[in-house]
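Me: Could you walk me through this model? I would like to go through it one question at a time.

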Amino acid sequence: MYCSKCGKQNPDHINYCQMCGAPLGVTQQVKSKQEFLKDYHSNHPGYYVLCVLSIICDIIGAIVIISKIMSTKVYFGYITSSQERELVTAVIIGVVFWVVGSIFLIGAKGMDKSANDQYEQYMSGIVSRQVHLVSSPILNDSWICPSCGMRNQSSMSSCSQCGAKRVSNGYYDNHKVNEWQCPKCGRINQNYVGTCGCGEEKPK
């Protein structure tokens, strides 16, 4: 893949130009689980339909039973046989609605599980891609980005993962002249500080 800004040819698996740091093509933004599930359910409206039907069935079942109990007149602590039959019928109808509602709910939970499985596959793909990038054969002659942790070839002037610029000592010059950035934790320290709070010594 050629960089549209400087014209340098880059490997197809990287997001930013090795020479100038310009984005290559469309960079993928990793979605949070909440965003992924929201998009998944939006593309599968049946999930919301099943949830709504489940709630409706539960409400109808409760209304049928409660309304029949409230309308049944009790005479001296007893009800007639016809009232008893009507009450039993109402309970059966209510239970049937509850069962149907439970079936709809099970279907919704099944779709929710599928959404979570899809998210796990999505994240596995992201991680696999990052592992592929990090595990590229650039072990001896390389430098590590303190911003994103990506290992880059020494010939690269920009990080192939996040696109930040590299300076002569192999670290990023995105801070003031009288400061230095810890390559381990990314913390900005004053130049007179010889060791970062995380224990990492100032690069020579």
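Predicted model: local features only at pLDDT ≥ 70, side-chain atom pairs only at ≥ 80, totals over all residues.

**A conversation about the model**

Me: What does Tyr 40 touch, apart from residues up to four places away in sequence?
Reply: Tyr 40 touches Met 111, Ser 114, Ala 115 and Gln 118.

Me: What share of the contacts with a separation of 6 or more comes from residues 24 or more positions apart?
Reply: Such pairs account for 40% of those contacts in the protein chain.

Me: Now H2. Which residues are buried there?
Reply: The buried residues in H2 are Tyr 47, Leu 50, Ser 54, Cys 57, Gly 61 and Ile 65.

Me: Why does Ser 54 count as buried?
Reply: Ser 54 counts as buried because its relative accessible area is 4%, and the cut-off for buried is under 20%. Leaving aside neighbours within four places in sequence, Ser 54 is in contact with Gly 101, Phe 104 and Leu 105.

Me: What about Ile 59: where is it placed?
Reply: Ile 59 is in helix H2, which covers residues 46-71. Ile 59 has a relative accessible area of 45%, so it is partly exposed. Its C-alpha atom is 9.2 Å from that of Gly 101, a residue 42 positions apart from Ile 59 along the chain. Gly 101 is also among the contacts of Ser 54.

Me: What span should H2 have, and how far apart are its end C-alpha atoms?
Reply: H2 has 26 residues, so at 1.5 Å a residue it should span 38 Å. The end C-alpha atoms of H2 are 37 Å apart, which agrees with that expectation.

Me: Changing topic, how many salt bridges does the structure hold?
Reply: The structure holds two salt bridges. In one of them, Lys 68 pairs with Glu 86, and the closest N and O atoms are 2.9 Å apart. This pair links distant parts of the chain, since Lys 68 is in helix H2 and Glu 86 is in helix H3, 18 residues apart.

Me: How accessible are Lys 68 and Glu 86?
Reply: Lys 68 is partly exposed, with a relative accessible area of 21%. Glu 86 is also partly exposed, with a value of 40%.

Me: Where does the salt bridge of Asp 117 lead?
Reply: The side chain of Asp 117 meets that of Lys 113 in a salt bridge, at 3.3 Å from N to O. Asp 117 and Lys 113 are four residues apart in helix H3, so about one helical turn separates them. Asp 117 is partly exposed, at 35% relative accessibility, whereas Lys 113 is exposed, at 53%.

Me: Is Asn 10 buried or exposed?
Reply: Asn 10 counts as buried, because its relative accessibility is 4%. Asn 10 is placed in the segment before H1. The C-alpha atoms of Asn 10 and Ser 160 are separated by 9.4 Å, although these residues are 150 residues apart along the chain.

Me: Finally, where is the confidence lowest, and where is it highest?
Reply: The average pLDDT of the protein chain is 76, and 68% of the residues score at least 70. Confidence is lowest in strand E1 (residues 142-144), with a mean of 67, and highest in H2, at 93. Over residues 131-140 the pLDDT is below 50, and this stretch has 11 contacts in the model beyond near neighbours in sequence. Over residues 169-176 the pLDDT also stays under 50, and there the model has 24 contacts beyond four places in sequence.

How values were computed. Residues numbered from 1 in each chain as written. Heavy atoms only, no water. Helix = DSSP H or I, 4+ residues; strand = E, 2+ residues; numbered from the N terminus. Buried < 20%, exposed > 50% of the residue type's maximum accessible area, 1.4 Å probe, protein only. Contact = heavy atoms within 4.5 Å. Salt bridge = Lys/Arg side-chain N within 4 Å of Asp/Glu carboxyl O. Expected span 1.5 Å × (residues − 1). pLDDT = per-residue confidence, 0-100.
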